[in-house]
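Thanks for coming, everyone. I'll take you through one structure this morning. Have a look at it first, then we'll go piece by piece.

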Amino acid sequence: MPGVCGRCRSAAAEVELPYARLRLCPDCFSDFFVSRVRRTVEEFRMFREGDRVGVAISGGKDSGALLHALRSAFPGLDLVALHVNLGIPEYSAHCQSIAEGLAGELGVELLTFDLGRELGIGIGDFEGTAFKGKICSACGTIKRRLFEELAMRAGARVLATGHNLDDMVGIMLDNFLHGYWGQFVRLKPVLPPLAEGMAARVKPLIRSPEREDLLYCLYRGIRFKEIGCPFSKGAKVRRMAGLLEAASERNPQFRHQLLNRFLELMPLIEGIAPRPEFSKCRICGFPSQGDICAYCKRIALVKGDRGGVPSESG
Ligand SMILES: [Zn+2]
Ligand SMILES: [Zn+2]
C-alpha cells in the first residue's frame, strides 16, 4: 500500500481502514486501536478507574489484544487476568503458557482455574456423554460459569471478555433472524451482576473488527495460540462471518452500522424478551433458572458417566 500515514504524515501507511477512510502506520494504528477501546469503555460506562477488572484470557488473539489494550488505555487500572485450563491434551497447555507469558510481560496477576486439578475432568470427557458432537456448547456453559467464579475469587467487580465486532454482529444477527430475543439481550455491552457479589460483564472490543485484533497483536508483539481447539467446528459462526465479509466489501461500514442499529433497538427488544427467573442452584449456590444449574448438570453428567470410577484413573 503506497502513501504515508494519515495521522502522523511521516511513516509509511501499512493498515487500511476503509470504514474510517484511514491509512495508518503501525504505531498510529496501535494508538487508534487503544483509543477506541478507551472510548468504548467510557461510552458504555463499563468500569471506573478505581475498579478491579478481571479479564478473561483464552490464549487467543482477541483476549490477548484486550488485556494489552486495557493496560495501555488505563495504565493505573487494577487488572487481573483470568484463565480456564480446559484439560484438552496439548491444546490447553499451549493456551496456558501463552496466558502466563502475556500476564507476566504486562505485570498483571493471573488466576487460573484448572479443570483437571479442581474437578478431575477435562472437556474431552464430554465425548462419552450426550454432548458428543456438540462439545462446544457444553464447553461454553462451563467456561462462562468458571470465569464468573474466577472473577469472584479475584475480587473483581467487573469481568471483561474479548468479544469483537464480528462476533457481536454475527451472533446478534443470528439471534435477530431467529427471534431469540432472550439471547439477543444478553449481548448488551454491559450486563449487570447476576447476583450480589458477582461481577458485571463487559465487552470493551465490541467496536474492534476481528482483523484489527490480529493486527494489534502482530504489531505489539503479543503472542497468541497457534493451534485451534480440536473440538471446535464453529460452522454456524463461520457461515455468518462469510456473509458479513461479503456485505462489508460493498459497504465498509456495514458491521459498524449493524451494531449501532442493534444497540438502538436493544431497549425495545428488552421489552419483548422473556425475563428469566433466577433461583439458587441446589448444588453450587450460583443463580440458576432451575433447581440445578446448567453447569452442575453438565459436570454431573461427565462424572456420572464414569460409573463411579475414581477420577485418578481417568
Ligand atoms: Zn503514523
Ligand atoms: Zn450449580
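Helix 2 and helix 8 are oblique to each other. Keep in mind that this is a predicted model. Where does that description come from? The two axes cross at roughly 60°, and angles from 65 to 115 degrees would count as roughly perpendicular. The axes of helix 2, residues 61-73, and helix 8, residues 210-220, come within 9 Å. The crossing of this pair is left-handed.

Who meets whom? From helix 2 we have Lys-61, Asp-62, Gly-64, Ala-65, His-68 and Ala-69. From helix 8 we have Asp-213, Leu-214, Tyr-216, Cys-217 and Arg-220. By class, that contact holds five nonpolar, two polar and four charged residues.

Next pair. Helix 6 covers residues 165-178, and helix 10 covers residues 254-272. Their axes come within 10 Å and cross at roughly 55°. Helix 6 and helix 10 are therefore oblique to each other. Their crossing is left-handed.

On the helix 6 side, the contact uses Leu-165, Asp-166, Met-168, Val-169, Met-172 and Leu-173. On the helix 10 side, look for Arg-255, Leu-258, Leu-259 and Phe-262. Here the classes are eight nonpolar, no polar and two charged.

Now the core. In soluble globular proteins, nonpolar side chains tend to be buried together. In this model, the largest nonpolar core has 75 residues. Which members touch the most others? They are Val-55, Leu-82, Val-158 and Ala-160. Helix 5, residues 135-154, gives this core its largest share, nine residues.

Let's zoom in on Leu-82. Leave aside residues up to four places away in sequence.

Last stop: Gln-289. Find it in the loop between strand 10, residues 287-288, and helix 11, residues 294-305. Is Gln-289 buried or exposed? Gln-289 is exposed, because it has 11 other C-beta atoms within 10 Å, and the cut-off for exposed is 12 or fewer.

What does Gln-289 touch, again leaving out residues up to four places away in sequence? The answer is Pro-276, Glu-277 and Phe-278. Take Glu-277: it sits 12 residues from Gln-289 along the chain, and their C-alpha atoms are separated by 5.9 Å.

That's the tour. Over to you for discussion.

How values were computed. Residues numbered from 1 in each chain as written. Chains lettered and ligands numbered in written order. Predicted model: local features only at pLDDT ≥ 70, side-chain atom pairs only at ≥ 80, totals over all residues. Core = buried A, V, L, I, M, F, W, Y, C linked by C-beta atoms within 7 Å. Buried ≥ 20, exposed ≤ 12 C-beta atoms within 10 Å, placed from the backbone. Helix = DSSP H or I, 4+ residues; strand = E, 2+ residues; numbered from the N terminus. Contact = placed C-beta atoms within 7 Å. Axes fitted to C-alpha atoms, helices over the stretch in contact; angles between N-to-C directions. Parallel < 35°, antiparallel > 145°, perpendicular 65-115°, else oblique. Left-handed = near helix turned anticlockwise from the far one by under 90°. Nonpolar A, V, L, I, M, F, W, Y, C, P; charged D, E, K, R; others polar.
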